[in-house]
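Trainee: Could you help me learn to read a protein structure, one feature at a time?

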Amino acid sequence: MNMIKQCNSSKLEPLIRVENLSFDYDNLKNPLISDISFSIDHGETVLLMGGSGSGKSTISLCLNGLYPDAVEGFSSGEIYFKGKQTTEFNKGELNQQIGVVFQDPESQFCMITVEDELAFTLENLKTPREEIGLRITKVLEEVGLSDYRNHKIHELSGGQKQKVALASALIQQPSLLILDEPTANLDPVSSIEFITLIRRLKEQHHIAVLIIEHQADDWLALINRVLVLGKNGDIIANGTSEQVFNDQRERLIQEGIFIPKVFMKAKKYITKSCEEISSSTKPCLTVKDLTFKRKGDVILNKVNLSLYEGEFVAITGENGAGKSTLLQLMSGILKPSQGKIEFLGQSFTKWKEQQLRKQMGFVFQNPEHQFITDTVFDEVAFGMTLNNYGEELTSQRTNDLLKHFQLSELKWRNPFSLSGGQKRRLSVATMLDETPDLLLFDEPTFGQDAQTTEELMFFIKHLQEQGTTIVFVTHDMDLVDTYCERVFVLNNQKIKFEGSPSELWEQTQTLKEARLRLPYRIRHQKKAGEPYDFVY
Amino acid sequence: MISSINPSVKAGAILIPGVLLGLMFDIFTPLIYLIFIIIVTFAFSHISIKKWLLIFSPFVLLALGFAWMRMLYTSEAFDSGPVLIQFWHIEITKGAMEVAASLALRSLCFVALSLLFVLTTDSTKFMLSLMQQCKLSPKLTYGVLAGYRFLPTFKHELDVLRQAHRIRGVGRAKGIRGRIQQFRRYSIPLLANAIRKAERVAIAMESKGFTGERERTHYHEMKVTKRDWYFFGTLVGTFFLVVFLSYSLGFLNIFGKDIN
């Protein structure tokens with residue numbers, strides 16, 4: 001006790017100190033966050049990791065004093081900011097000291113233009129009018145958005161939006177910056193640009209940073225310390241990245257945490273697991289001279305491609321290149337402006353909708369969009385009932401599918417109440433009332449933790465072995481490198497590259513234009529012995 | 001130009017004649033005022049005639065519809081004067097015709113006034129002005145602004161949802177029961193997402209130090225200048241001038257009572 005009192009008055013007091021914090025939305029009997037203690041020093045950079053739903057974001061909102069009030073949750077324990085308990089701060093006062101950048105670029109702004117959004121923050125702090133303009137100019141220069149001052153936020157790219165979010169956090173001149181999965185929705189190159197920006201800012205300002213992330217790889221160079229939150233809501237690791245990822249690797253893998261690839265000894269990222277190209281030459285789907293326009297803008301221009309039976313293909317390209325549109329056209333839910341698509345040797349125009357849906361599946365980026373019934377069981381049975389399978393067959397096949405996807409115990413739950421990974425598995429299961437010939441996926445691994453991604457890939461590989469053609473729209477080049485046999489790169493309305501992943505890794509120019517990044521395996525090979533290049 | 005008039009003053013300048021016009025049951029008053037509004041619209045703003053007509057013309061049809069119904073079902077108080085048209089069981093008197101025409105013109109006046117406001121006012125400035133001039137709570141005004149940003153995303157989401165359900169074969173649901181169920185299916189995920197997003201924005205705003213208290217500085221100061229009052233005076237003054245003119249000419253009819 002005496003020690004603590006002494007620390008309070010000296011400079012040894014950390015910037016933020018959390019003591020025995022517990023938090024839950026309902027009651028504290030079995031709390032989401034359970035009795036955790038840690039501290040962050042002035043100017044320190046700390047990485048906070050944990051599986052999906054482990055309460056990482058909740059901690060960040062407890063730190064800046066918004067929780068438990070904002071959600072009517074329950075908490076116990078103390079948080080000290082610069083030696084003063086957070087509950088003693090006036091409303092809004094603590095937020096000035098702690099800036100936050102959130103994950104979703106779409107829902108963290110309330111104004112239309114960049115300038116107004118930044119002014120909003122300063123107005124909240126009652127900054128005099130004359131000063132506001134100057135501070136906006138300065139912060140925009142720092143994040144490199146000076147030319148966008150009067151632009152509308154919703155017209156900016158995802159990467160630019162996150163920079164605006166960063167600017168509006170920095171403009172308050174906080175002593176702690178919390179980054180809550182800031183790059184989760186960005187394409188690979190934008191994400192690296194953001195991280196580089198943070199690194200540069202760290203060099204200029206003495207500011208503490210708390211980073212919440214699933215995938216730590218790119219942040220490692222910045223990080224002083226790693227904290228890992230376990231499934232039970234307690235801290236299971238606290239130390240330097242070497243200590244945490246080397247010494248406790250097994251434990252972390254069990255918890256579903258992505259181990260940075262530098263620390264992985266497993267072969268899969270160093271050597272390629274599947275190089276054999278599917279020998280089938282029977283086309284599954286052919287796209288001929290496909291053009292698609294939306295409101296007069298050409299999105300796709302004379303695209304040609306063929307998919308063969310049983311192969312695993314990726315479509316990739318930068319955000320807004322038209323990848324998802326191409327996938328929607330391939331599934332027949334969008335009609336091409338010009339051109340023709342043939343599925344199993346028959347033009348789309350000749351297919352009956354019901355038959356088409358039976359032989360082709362499509363898994364959307366957000367699984368919730370596809371849910372239509374009230375229980376997990378009905379959800380899987382829905383397609384079979386529609387196709388008149390008969391009660392017995394339906395119930396048997398549904399139960400088999402639920403078992404296969406490890407959902408049997410959740411049979412009578414509402415689909416919306418499942419966890420992220422369970423929702424994803426269910427959305428795949430609903431497409432499989434008959435083994436489809438073609439299964440299309442729109443960014444299936446987006447924002448998922450290591451365990452969920454691995455499970456999903458296991459099921460998909462299994463389907464491919466049964467002869468289903470798999471198409472992924474993805475940014476994740478490690479995924480492409482590990483699983484795909486062929487890859488298409490979309491850029492400027494056209495397919496700029498078609499071939500095996502290993503051929504793509506040679507095309508530096510194509511990768512650069514499409515804002516893609518080499519997978520870890522290749523970076524590792526190329527840079528063996530050389531200093532680690534941050535961008536390419 | 002009208003776009004630079006203080007939005008709160010502008011709102012007042014449009015609301016006052018708008019409400020008072022509702023009491024004018026003759027043809028002359030709304031007709032003259034409508035002409036005046038249209039002149040003001042094109043003389044003092046950059047609205048293109050084509051765009052204005054595109055929005056205005058559907059309302060003309062609507063106004064004619066109102067007038068038609070009014071003409072056929074005129075209340076007895078106005079159903080006076082000689083019969084002008086007679087067919088089948090219907091008799092249309094001079095009084096009915098006048099009331100109907102007046103109603104149509106009044107409706108068009110409202111539309112023209114509304115367009116004058118909507119097409120020349122920036123939503124952000126309007127909210128800022130409501131806060132600074134009318135002392136409205138920042139909680140309300142910033143809430144409206146944040147919601148305004150969501151409208152386009154909402155539509156996009158509905159489109160995605162439709163496609164996702166079509167993939168599952170839901171498009172085949174038919175009949176009223178099917179439709180109701182479809183509505184339910186759309187509304188749950190849409191609402192769930194809307195609430196989630198609203199929560200995120202609220203948290204983000206609070207993280208930026210927003211507390212909802214009225215005491216805050218304003219980067220864009222919304223001032224009320226003489227020009228704003230000239231505008232207000234012109235719109236409201238002209239209204240009374242028109243009323244006076246129609247009184248002098250003996251046309252004025254307030255709420256069914258001829259004022260002479």
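Predicted model: local features only at pLDDT ≥ 70, side-chain atom pairs only at ≥ 80, totals over all residues.

Trainee: Which are the buried residues of H2(A)?

Mentor: A residue counts as buried if 20 or more other C-beta atoms lie within 10 Å of its own. In H2(A) the buried residues are A:Lys56, A:Ser57, A:Thr58, A:Ile59, A:Ser60, A:Leu61, A:Cys62 and A:Leu63. That is eight of the eight residues of helix H2 (residues 56-63) of chain A, so this helix is largely enclosed by the rest of the structure. Just after H2(A) comes A:Gly65, with a positive phi of about 80 degrees.

Trainee: How many helices and strands are there in chain A?

Mentor: Chain A has 19 helices and 20 strands. Its radius of gyration is 25 Å, close to the 24 Å that the globule rule gives for 536 residues, so chain A is as compact as a globular protein of that length. The C-alpha trace of chain A spans about 80 × 50 × 50 Å along its principal axes. Of the 536 residues in chain A, 45% are buried. Now look at contacts in chain A between residues at least 6 apart in sequence: 70% of them join residues at least 24 apart.

Trainee: How do I describe two helices that pack together?

Mentor: Two packed helices are described by the angle between their axes and the distance between the axes.

Trainee: Which residues in H4(A) meet which residues in H5(A)?

Mentor: From H4(A) come A:Glu115, A:Leu118, A:Ala119 and A:Leu122, and they meet A:Ile132, A:Arg135, A:Ile136 and A:Val139 of H5(A). The classes in this contact are six nonpolar, no polar and two charged residues. As for the spacing, an α-helix has 3.6 residues a turn, so residues three or four places apart point the same way.

Trainee: At what angle do H2 and H4 of chain B cross?

Mentor: Helix H2 (residues 28-43) and helix H4 (residues 94-118) of chain B cross at roughly 20 degrees, and their axes come within 9 Å. Angles under 35 degrees count as roughly parallel, and H2(B) and H4(B) are therefore roughly parallel to each other. Their crossing is left-handed. The contact includes B:Leu34, B:Ile37 and B:Thr41 of H2(B), along with B:Leu105, B:Cys109 and B:Ala112 of H4(B). By class, the residues of this contact are 13 nonpolar, two polar and one charged.

Trainee: How many residues of chain A are in contact with chain B?

Mentor: There are 50 residues of chain A in contact with 37 residues of chain B. Several helices of chain A each supply at least two residues to that side, among them H3 (93-97), H5 (129-143) and H11 (353-359). The largest share, six residues, comes from H4(A). Sorted by class, the side of chain A that touches chain B has 22 nonpolar, 19 polar and nine charged residues.

Trainee: Let's end with a single residue. Where is B:Thr141 found, and what is B:Thr141 in contact with?

Mentor: You will find B:Thr141 in helix H6 (residues 138-167) of chain B. It has 19 C-beta neighbours inside 10 Å, so B:Thr141 counts as partly exposed. Leaving aside its neighbours within four places in sequence, B:Thr141 is in contact with B:Met127, B:Leu130, B:Met131 and B:Leu136. B:Thr74, by comparison, is 67 residues apart from B:Thr141 in sequence and 42 Å apart in space, C-alpha to C-alpha.

How values were computed:
Residues numbered from 1 in each chain as written. Chains lettered and ligands numbered in written order. Axes fitted to C-alpha atoms, helices over the stretch in contact; angles between N-to-C directions. Helix = DSSP H or I, 4+ residues; strand = E, 2+ residues; numbered from the N terminus. Parallel < 35°, antiparallel > 145°, perpendicular 65-115°, else oblique. Left-handed = near helix turned anticlockwise from the far one by under 90°. Contact = placed C-beta atoms within 7 Å. Nonpolar A, V, L, I, M, F, W, Y, C, P; charged D, E, K, R; others polar. Rg over C-alpha atoms; globule rule 2.2 N^0.38 Å. Buried ≥ 20, exposed ≤ 12 C-beta atoms within 10 Å, placed from the backbone.
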